[in-house]
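Hi everyone, thanks for coming.

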Amino acid sequence: MKKIIPLLTALGIALAGLVWAQGPQQASVRTSAGERQIQIVRQGERTLFPVDQVLAILGGTVSSDPEGYRARLNGVEISFASDSRFAVIGDKMVEMPEPPVIIEGRVFVPWQFFQGFLAAASGMQTSWNAASGVLEFRPAVRAVLTAQTSVVDLQGMTKIVIQLSGSTEYTIEREPGFFLIRLASPIRSSAPEQSVENPLVSRISYTERAVRIALKATEVTADAYKLESPFRIVLDLRPGSAPRLPGLVTPAPAVDPPGIRTIVIDPGHGGKEVGAVGPGGLMEKNATLTISRKLAASLERKLNTRVVLTRTGDELVSLDDRTAIANQYKADLFLSIHLNASLIQGAHGSETYFLSVEASDDLSRQAAERENASSPSSRQSGGSDLRLILWDLAQQEYLKESSRLAEIIQTEMNGATGVQSRGVKQAPFKVLVGATMPAALVELGFISNPQEEAKMQDAAFQDAIVNALTSAVERYKNEYEVRIGVASPSPAPVLGRQEADSPSAAPGTTTPGE
């Protein structure tokens, strides 16, 4: 995009004379405060509006940057460029019938630009009446949404989830002693107020367009984000000062140096979702949690990294929430731990996957379907398939890194555990959807195989798996940090004469776990 923008900008300026040859015209911007005149450009049936003038009337701004342009209104930012008819708000896209045009240094856009932006920034509706020449902004008529709130303690963090019956725009404000979530749509709750048994929160109350979260502690740090299908607003509260909620005027959080600093480990299944069950009664949810706990301790000890578990006990965590936890902790790696199952007698071995819309083969597709069906978040209509495709496209940035991570994991699993390798594969695992970092899913073995089920309960074999995964993450971390220039390559070993002449030291050979 960087190469195209200057060319198209120059082309837009070159065409400016032709556009203006038709003469600038006047139109009105109508809001609840009245009407203001702006200058527009018409080309046949095509009408373009100046972004800066319209946003100034609404209280917003627009500025240029090396990637294109950024507009801000009510704390919401939209990015766009003159070479694309798509603008971006967070993880959503606003589509225009045509790209913006640059005329004498001023950015002009179709009115649909404001339609998408204003809906996100202020919950207003936008319309253009060509006959009267009026661009109108008015409050949207909104249906009443039902609200349901849950509070969960997770690893010293209080997670508040406000689930609504539909999506809506919102802002979050910090006041002394409470957080206030203001909603664009009216809401209704079965109880106007609920008491909470929690070290940080005392009660949650509702008004027509707001949720008030009263705090017990005077110093609370908070992160906020949203999830879709169903629509949820999530607040992660921790003891501490300097709240970090979007829209609040607070100091910018410290930025971690580049490299692998935070790793999120996801023990598959949990709660009522037990996963696969072996012939001896071993449940996948228990085995994955045991191994994940050991892995987290090993990684923290050997790599000096922060490691977060998506669950620390036998609780149900949806597939959406697992990757949301990784994103909110700004993880540099995401690793989901599972056990395989098959109706084929004697199936055995480990497999490592990274995300793709299309499965590598039928067995990979079946494995993904089995894991996806185990969570309520996957039992959705066809919209979830579109979401998967969009995330798959968005994750092309991480495709190469996820593939390399999976390859290293599989190599280490083969060498250190003696489990037959079934290879690196791709499949549409929804637990990987939305992870904004390199991510892989490991099927450690087949719990449906009595021999492998027994191994999974053996402490020594569990340690072998943990050592293999730790070595894999360490190898990937070292490789990655050398590639991005934050670490130096390890010096080549200096071999003695006898060692150099030994067949075991032949080039290209490695020992298990190396």
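Let's start with Lys477, which is buried, with a relative accessible area of 12%. By buried I mean under 20% relative accessible area, with exposed over 50% and partly exposed in between, using a 1.4 Å probe and protein chains only. A quick word on the source: this is a predicted model, where local features need pLDDT of at least 70, side-chain atom pairs count only at pLDDT 80 or more, and totals for chains, interfaces and linings use all residues. Residues are numbered from 1 along each chain as its sequence is written, and side-chain values use heavy atoms, leaving out hydrogens and water.

Back to Lys477: which residue does Lys477 meet in a salt bridge? The partner is Glu481, at 3.2 Å from N to O. A salt bridge here is a side-chain nitrogen of Lys or Arg within 4 Å of a carboxyl oxygen of Asp or Glu. Both residues sit in helix α11, 4 residues apart, or about one turn of the helix. Helices are DSSP runs of H or I with at least four residues, strands are runs of E with at least two, and both are numbered from the N terminus. Glu481 is buried as well, at 7% relative accessibility. There is also a network: Glu401, Arg404, Glu407, Glu479 and Arg483 are joined by salt bridges that share partners.

Now for a pair that reaches across the chain. Lys294 and Asp463 form a salt bridge, their closest N and O atoms being 3.4 Å apart. This one links distant parts of the chain, with Lys294 in helix α5 (residues 284-303) and Asp463 in helix α11 (residues 459-483), 169 residues apart. Lys294 is partly exposed at 28% relative accessibility, and Asp463 is partly exposed at 35%.

My last stop is Arg322, in helix α6 (residues 319-328). The side chains of Arg322 and Asp266 meet in a salt bridge of 2.5 Å, N to O. Asp266 lies in strand β23 (residues 262-267) and Arg322 in helix α6, so this pair ties together parts that are 56 residues apart in sequence. Are these two buried or exposed? Arg322 is buried at 2% relative accessibility, and Asp266 is buried at 0%. A polar atom of the Arg322 side chain also lies 2.8 Å from the backbone oxygen of His269.

To put these pairs in context, the structure holds 16 salt bridges. Thanks, and I'm happy to chat!

Note on methods: A polar contact is a pair of N or O atoms within 3.5 Å; within protein, one must be able to donate a hydrogen and the other to accept it, and residues adjacent in sequence count only if both atoms are side-chain atoms.
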